[in-house]
Amino acid sequence: MPSFAWRVWPALLFILLPHTAAAEETSLLDGWHEIWIFRFILNLLGYSTIIVPGYLLISYLKRTNYLEKGGGICYPVIKTCVFGSEDKISSLDSGSGSSRTDGDSGSSFKQAVKLTFCAAGLQASYLTWGVLQERVMTRSYGATTPEEAEERFTDSQFLVFMNRILALTVSGLWCLLFKQPRHGAPMYKYSFASLSNIMSSWCQYEALKFISFPTQVLAKASKVIPVMLMGKIVSQKNYEYWEYLTALLISVGVSMFLLSSSEDKHPSTVTTFSGVVILVGYIVFDSFTSNWQDNLFKYKMSSVQMMFGVNMFSCLFTVGSLLEQGAFFDSLAFMMRHSEFAFHAVLLSVCSACGQLFIFYTINQFGAAVFTIIMTLRQAFAILLSCFLYGHAVTVVGGFGVAVVFLALFLRVYARSRMKASRRPAAPTQKV
């Protein structure tokens with residue numbers, strides 16, 4: 001049995017290696033850091049050095065009934081982080097309308113200007129973010145001297161850290177400058193969404209080493225399917241027939257695109273087994289994040305407070321793991337060697353942070369339906385822009401699959417808006 005396992009394990013690693021030729025020439029021990037699954041496990045081990053002690057400490061404080069017996073200078077901090085200060089009540093952002101400006105309030109011209117501003121901000125932020133993401137993960141950076149060779153940046157976790165540290169700064173300043181509701185959620189509960197969020201972001205960056213950007217965008221568009229599954233499991237949600245129908249259409253469209261792309265020999269559109277596995281990981285982690293945040297919004301909090309709490313733990317997890325692996329200073333050295341990469345990494349983080357603020361503002365002003373339409377259009381534009389800039393080839397069948405996916409997404413938005421309109425009580429008529 002041991003000898004059989006020894007023969008199977010290298011074969012499995014051979015499948016997961018990014019480049020088959022390199023796998024044949026390099027020993028597994030020398031190239032272990034090039035295997036994505038090893039980096040994934042190493043990241044999890046780094047996070048566990050923070051999660052396990054935190055879990056043990058929180059369990060001890062709850063078991064000893066610290067909330068009633070505790071005291072001292074650390075009591076307010078421990079109470080906020082472990083116990084919170086309020087019971088679950090309705091979220092500020094999900095109220096009946098008092099917290100959201102109705103789309104028809106004010107003049108039509110002002111609303112049109114606001115909508116244009118939101119749409120332009122979202123498109124600029126996330127289209128730039130997508131282009132930079134593909135540039136950083138799939139292209140090499142030139143050497144500073146003729147003796148040096150070009151090199152690629154490979155540490156996805158450092159990019160996640162860069163995004164989160166700037167988002168933490170922006171959301172923290174926003175909370176200081178603008179009045180926020182009294183926070184009541186135990187801070188440690190943000191760590192669940194934070195962990196799944198950084199893992200989904202890591203998978204998103206890492207997947208670009210194995211799949212094309214259009215494939216990744218379509219996979220992200222199809223995440224409504226696992227979101228529905230997670231909603232059933234985590235939140236016990238019930239769904240309408242049209243939601244299952246559109247989910248089926250999305251599955252068909254994505255399958256058409258993937259099957260047609262597999263026949264294309266262009267190197268930039270090759271989809272590998274590792275890429276599919278990482279994409280599945282991204283979708284699962286991201287689905288859990290959204291459902292956990294929905295449950296966390298039962299506490300009274302604003303979206304910016306949610307952004308601050310999640311990013312705070314994200315920075316803690318990623319910087320701890322990077323320092324333990326020795327990758328933090330290696331990535332900084334890469335930035336020092338390549339000023340172009342440093343500019344791209346900073347701009348990537350700026351687009352990510354600004355995009356999150358535009359999300360909150362758009363939903364607050366116009367609601368989720370308008371926001372979903374804008375972001376769906378953004379995904380379509382991202383595919384076209386990526387094909388234009390980086391030469392991705394799409395077949396006729398693949399293009400039809402893309403059209404089916406976005407048709408299904410727009411049908412979801414239309415059906416949801418019609419359902420909300422039918423449930424809204426009619427305005428009372430005045431008696432003459």
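Which side chains meet in a salt bridge at 3.1 Å, N to O? I looked that up first: the pair is Glu206 and Lys209.

**Ground rules.** I'm working on a predicted model, where local features need pLDDT of at least 70, side-chain atom pairs count only at pLDDT 80 or more, and totals for chains, interfaces and linings use all residues. Residues are numbered from 1 along each chain as its sequence is written, and side-chain values use heavy atoms, with hydrogens and water left out.

**Salt bridges.** My criterion is a side-chain nitrogen of Lys or Arg within 4 Å of a carboxyl oxygen of Asp or Glu. Searching the whole structure with that gave me four salt bridges.

I went back to Glu206 and found that it also forms a salt bridge with Arg39, where the closest N and O atoms are 1.8 Å apart. That pair links distant parts of the chain, with Glu206 in helix α8 (residues 190–207) and Arg39 in helix α3 (residues 36–63), 167 residues apart. Helices here are DSSP runs (H or I, at least four residues; strands are E, at least two), numbered from the N terminus.

Next I checked burial, taking buried as under 20% relative accessible area, exposed as over 50% and partly exposed as in between (1.4 Å probe, protein chains only). Glu206 is buried at 0%, and Arg39 is buried at 16%. Lys209 is partly exposed at 27%. Through shared partners, salt bridges join Arg39, Glu206 and Lys209 into one network.

I then looked up Glu151, which forms a salt bridge with Arg337, the closest N and O atoms being 2.9 Å apart. This one also links distant parts of the chain: Glu151 is in the loop between α6 (108–138) and α7 (156–177), Arg337 is in helix α14 (residues 327–337), and they are 186 residues apart. Glu151 is partly exposed, with a relative accessible area of 26%, and Arg337 is partly exposed at 33%.

**Cysteines.** How many disulfides does a search of the whole structure find? I got zero, using a cut-off of 2.5 Å between cysteine sulfur atoms. I checked Cys354: its sulfur is 7.0 Å from the closest cysteine sulfur, in Cys351, so that is too far for a bond. Cys354 is partly exposed at 32%, while Cys203 is buried at 3%.

**Nonpolar core.** I counted buried Ala, Val, Leu, Ile, Met, Phe, Trp, Tyr and Cys residues as a core when joined through side-chain atoms within 4.5 Å. The largest one has 74 residues, and those with the most contacts inside it include Leu122, Phe158, Tyr190 and Phe341. Helix α8 gives the most to this core, with eight residues.

Leaving aside neighbours within four places in sequence, I found Phe153, Leu322, Phe328, Ser331, Leu332 and Met335 in contact with Phe158. There is also a second, separate core of five residues, among them Leu61, Tyr66, Val82 and Tyr188.

**Surface patch.** Last, I looked up nonpolar patches, made of residues with over 30% relative accessible area and no salt bridge, with nonpolar side chains (Val, Leu, Ile, Met, Phe, Trp, Tyr) joined within 5 Å and like charges within 9 Å. Leu173, Trp174, Leu176, Leu177 and Phe178 form one on the surface, with about 570 Å² of accessible area together (Shrake-Rupley, 1.4 Å probe; for residues, only the protein chains shown count as cover). Trp174 sits in helix α7 and is partly exposed at 34%.

Key. Contact means heavy atoms within 4.5 Å.
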